[in-house]
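Q: Hi! I've just opened this one and I'm new to it. Could you walk me through it?

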Amino acid sequence: MKQTEAFRVLASADRQLVLHELLERDGTASIDDLSRQVAARRHRLSSGKIDDAMVERAHVRLVHAHFPHLQARELIDIDWDDEAVALTDEECVDQLLEAADELDSWPPTDLLERPSRSR
């Protein structure tokens, strides 16, 4: 993967969050867990405070836009029967992470901060 392509992948906060969650979870997560985490981070709420509509919107964005983008670049595999997403063992993932290290915003710390309990 060329560096410019890696930066295109990382240009989306949702894709950054998906990749970060997969890295934090040893490379695999359920689609539902990723949808919930992305919704919580995007709205800066704890996962217990987000509503089903927020999770559904995140789910739709992931399934219809971001997962296909990541799959096309051979960064993730999806098992639709088990509704699970996994990082590939491809060299592309390593190349993406090398490019990510050059970004000031990787990992996406502004979206990873734990929300306050009052929200």
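A: Happy to! One term to start with: a residue is called buried when its relative accessible area is under 20%. Keep in mind too that this is a predicted model.

Q: Good. Which residues of α5 are buried, then?
A: In α5, the buried residues are C92, V93, L96, A99 and A100. They span an arc of only 125 degrees around the axis, so they sit on the same side of α5.

Q: Why would residues a few places apart in a helix end up facing the same way?
A: An α-helix has 3.6 residues a turn, so residues three or four places apart point the same way.

Q: Which residues are exposed on the other side of α5?
A: Those are E91 and E98. For E91, the relative accessibility is 55%, which is why E91 counts as exposed.

Q: While we're at E91, how far is it from E74 in space?
A: Their C-alpha atoms are 9.1 Å apart, while the two residues are 17 apart in sequence.

Q: And what covers the buried residues of α5?
A: The cover includes α1 and α2.

Q: Tell me about α1 and α5. At what angle do they pack?
A: Helix α1 (residues 3-10) and helix α5 (residues 91-100) pack at about 80 degrees, and their axes are 9 Å apart. That angle makes α1 roughly perpendicular to α5.

Q: Which residues make that contact?
A: From α1 there are Q3, A6, F7, V9 and L10, and from α5 there are L96, A99 and A100. By type, the residues of the contact of α1 with α5 are seven nonpolar, one polar and no charged.

Q: What about α1 and α2, at what angle do they pack?
A: The angle between α1 and α2 is about 95 degrees, with their axes 7 Å apart. These two helices are therefore roughly perpendicular to each other.

Q: Which residues meet there?
A: R8, V9 and L10 of α1 meet R15, Q16 and L19 of α2. The contact of α1 with α2 divides into three nonpolar, one polar and two charged residues.

Q: Which residues of α1 are buried?
A: E5, A6, V9 and L10 are. Their arc around the axis is only 140 degrees, so they lie on the same side of α1. What they pack against is α2, α4 and α5.

Q: Let's zoom out. How many helices and strands does the protein chain have?
A: There are six helices and three strands in the protein chain. Along the sequence, the pattern reads α-α-β-α-α-β-β-α-α.

Q: How much of the chain is buried?
A: Of the 119 residues in the protein chain, 43% are buried. As for contacts between residues at least 6 apart in sequence, 61% of them join residues at least 24 apart.

Q: How many residues are in the largest nonpolar core?
A: That core has 33 residues, and those with the most contacts inside it are V18, L19, L22, L34, F67, I76 and V85. The elements giving two or more residues to this core are α1, α2 (13-24), α3 (31-43), α4 (52-72), β2 (76-79), β3 (84-87) and α5.

Q: Which element gives the largest share?
A: That's α4, with seven residues.

Q: Switching to S35: buried or exposed?
A: S35 is buried, with a relative accessible area of 0%. This residue lies in helix α3. Not counting residues up to four places away in sequence, S35 touches V55, A58, H59 and L62.

Q: Last topic: backbone angles. What is phi of D26?
A: Phi of D26 is near 55 degrees, a positive value in a residue other than glycine. D26 is in the loop between α2 and β1 (28-30), and D26 is exposed, with a relative accessible area of 74%.

Q: And what is phi of R44?
A: For R44, phi is near 55 degrees, again a positive value in a residue other than glycine. R44 is found in the loop between α3 and α4, and at 36% relative accessibility R44 counts as partly exposed.

Note on methods. Residues numbered from 1 in each chain as written. Predicted model: local features only at pLDDT ≥ 70, side-chain atom pairs only at ≥ 80, totals over all residues. Heavy atoms only, no water. Axes fitted to C-alpha atoms, helices over the stretch in contact; angles between N-to-C directions. Helix = DSSP H or I, 4+ residues; strand = E, 2+ residues; numbered from the N terminus. Parallel < 35°, antiparallel > 145°, perpendicular 65-115°, else oblique. Contact = heavy atoms within 4.5 Å. Nonpolar A, V, L, I, M, F, W, Y, C, P; charged D, E, K, R; others polar. Core = buried A, V, L, I, M, F, W, Y, C linked by side-chain atoms within 4.5 Å. Buried < 20%, exposed > 50% of the residue type's maximum accessible area, 1.4 Å probe, protein only. Arc of directions from axis to C-beta.
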